[in-house]
Amino acid sequence: MRRMLPKKCYLLGLQKLTLILDHNHEALARLASCLLNSSPNLKDLEIMDPLDIRYSDHLAAEFWEKHITAGCILNHLSVVAFYMRETLFEGYPRTSLCQFLVMNARALKRMSINKYHCSLYETEHVATVLEAVQSELHLWPGASPDVLLELSEVDCIRSIYEVWRIQ
């Protein structure tokens, strides 16, 4: 797969991109990096895990270093939001793309990681998991000294309803 689209096909007017995909699946991650590399004016990125996702292996931060060379990441991207399932945070968090963006995006002002939880089930360990991930986020050196790192929960039942209502 190409690392970027041909120059005549660049997405020059694209300032906000929302992707609903498993960004840790290598083929989908290559597609996402191609889109990022081909969007030189991108300022706002939103990546949502599909609720029915079957997670693939964890991609290391080096994958993103090798595949993302975009000027938008370095100079324009200012807001990033991730929406991830609860299982993402069990064991080793699968946050290498988050880490790559925090460490390389010079214009980044806000990175929010939103963890889906299902209000139908009780999650006793939610606070502990959120604290562990929050402490890891603050260990990453940021390319932008003003970056705000946020971690919160999102009710997946409400999120599904809102997506259906918009359509």
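The questions and answers below set values computed from a predicted model against the definitions behind each term.

In this predicted model, local features need pLDDT of at least 70 and side-chain atom pairs count only at pLDDT 80 or more, while totals for chains, interfaces and linings use all residues. Residues are numbered from 1 along each chain as its sequence is written, and side-chain values use heavy atoms, with hydrogens and water left out.

Q: Why is S39 called buried?
A: Buried means under 20% relative accessible area, exposed means over 50%, and partly exposed lies in between (1.4 Å probe, protein chains only). S39 has a relative accessible area of 0%, so the residue is called buried.

Q: What makes the pairing of S39 with L35 a polar contact?
A: A polar contact is a pair of N or O atoms within 3.5 Å, where within protein one must be able to donate a hydrogen and the other to accept it, and residues adjacent in sequence count only if both atoms are side-chain atoms. A polar atom of the S39 side chain lies 2.6 Å from the backbone oxygen of L35, so the distance falls within 3.5 Å. S39 itself is found in the loop between helix 1 (26-37) and strand 2 (44-48), where helices (H or I, at least four residues) and strands (E, at least two) are DSSP runs numbered from the N terminus.

Q: Why is the pair R30 and E26 called a salt bridge?
A: A salt bridge is a side-chain nitrogen of Lys or Arg within 4 Å of a carboxyl oxygen of Asp or Glu. The N to O distance between the side chains of R30 and E26 is 2.9 Å, so the pair meets the rule. Both residues lie in helix 1, four residues apart, about one turn of the helix. R30, at 27% relative accessibility, and E26, at 40%, both count as partly exposed.

Q: How many salt bridges are there by this rule?
A: The count comes to three.

Q: What makes a set of residues a nonpolar core, and which members of the largest one touch the most others?
A: A nonpolar core is a set of buried Ala, Val, Leu, Ile, Met, Phe, Trp, Tyr and Cys residues joined through side-chain atoms within 4.5 Å. The largest has 30 residues, of which L45, W64, V80, F82, L97, L101 and M111 touch the most other members. Helix 4 gives the most to this core, with five residues.
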